[in-house]
Amino acid sequence: MSNSVWQKSSYSGSNSDCVEVRTADGFIELRESDEGDVILRTTRLNLAAFLQGAKAGEFD
């Protein structure tokens, strides 16, 4: 399994409670930095659709 390094948003500052993201084997993986054992794995297309929906207010 070839994994890239976990990255966090520059908006997180020095806080340790943030979402981290990386690519792994063609997928996008997300985790919360303080709960590193729980990893959400999705495709680029599904993540893009989720982000588009969130920006459009679909989950408000």
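Author: The partner of Arg31 in a salt bridge is Glu20, and the closest N and O atoms of the two are 2.6 Å apart. Arg31 belongs to strand E3 (residues 27-32) and Glu20 to strand E2, so that the pair links distant parts of the chain, 11 residues apart. Glu20, at 13% relative accessibility, falls in the buried class.

Strand E1 is joined to strand E2 (residues 19-24) by two bridges, and the two strands run antiparallel. They are part of an open sheet of four strands, which has the order E1-E2-E3-E4 and antiparallel pairing. Its edge strands are E1 (7-8) and E4 (35-42), each of which pairs on one side only.

Glu29 forms a salt bridge with Arg41, with 3.0 Å between the closest N and O atoms. Here too the pair links distant parts of the chain, with Glu29 in strand E3 and Arg41 in strand E4, 12 residues apart. Glu29 counts as buried, at 5% relative accessibility, whereas Arg41 is partly exposed, with a relative accessible area of 38%.

Arg41 has a further partner in Asp25, the closest N and O atoms of this salt bridge being 3.9 Å apart. Asp25 lies in the loop between E2 and E3 and Arg41 in strand E4, 16 residues apart, so this pair likewise links distant parts of the chain. The distance of 3.9 Å still counts because the cut-off for a salt bridge is within 4 Å. Asp25 is partly exposed, at 39% relative accessibility.

These contacts may now be placed in the whole. The structure holds four salt bridges, and a network of them links Arg22, Asp25, Glu29 and Arg41.

As to confidence, the protein chain has a mean pLDDT of 88, and 88% of its residues reach 70 or more. Among the elements of the chain, the lowest mean pLDDT, 89, is that of E1, and the highest, 96, is that of helix H1 (residues 44-55). Where pLDDT is low, predicted coordinates should not be read in detail.

Notes
Residues numbered from 1 in each chain as written. Predicted model: local features only at pLDDT ≥ 70, side-chain atom pairs only at ≥ 80, totals over all residues. Heavy atoms only, no water. Pairing = 2+ DSSP bridges. pLDDT = per-residue confidence, 0-100. Salt bridge = Lys/Arg side-chain N within 4 Å of Asp/Glu carboxyl O. Buried < 20%, exposed > 50% of the residue type's maximum accessible area, 1.4 Å probe, protein only.
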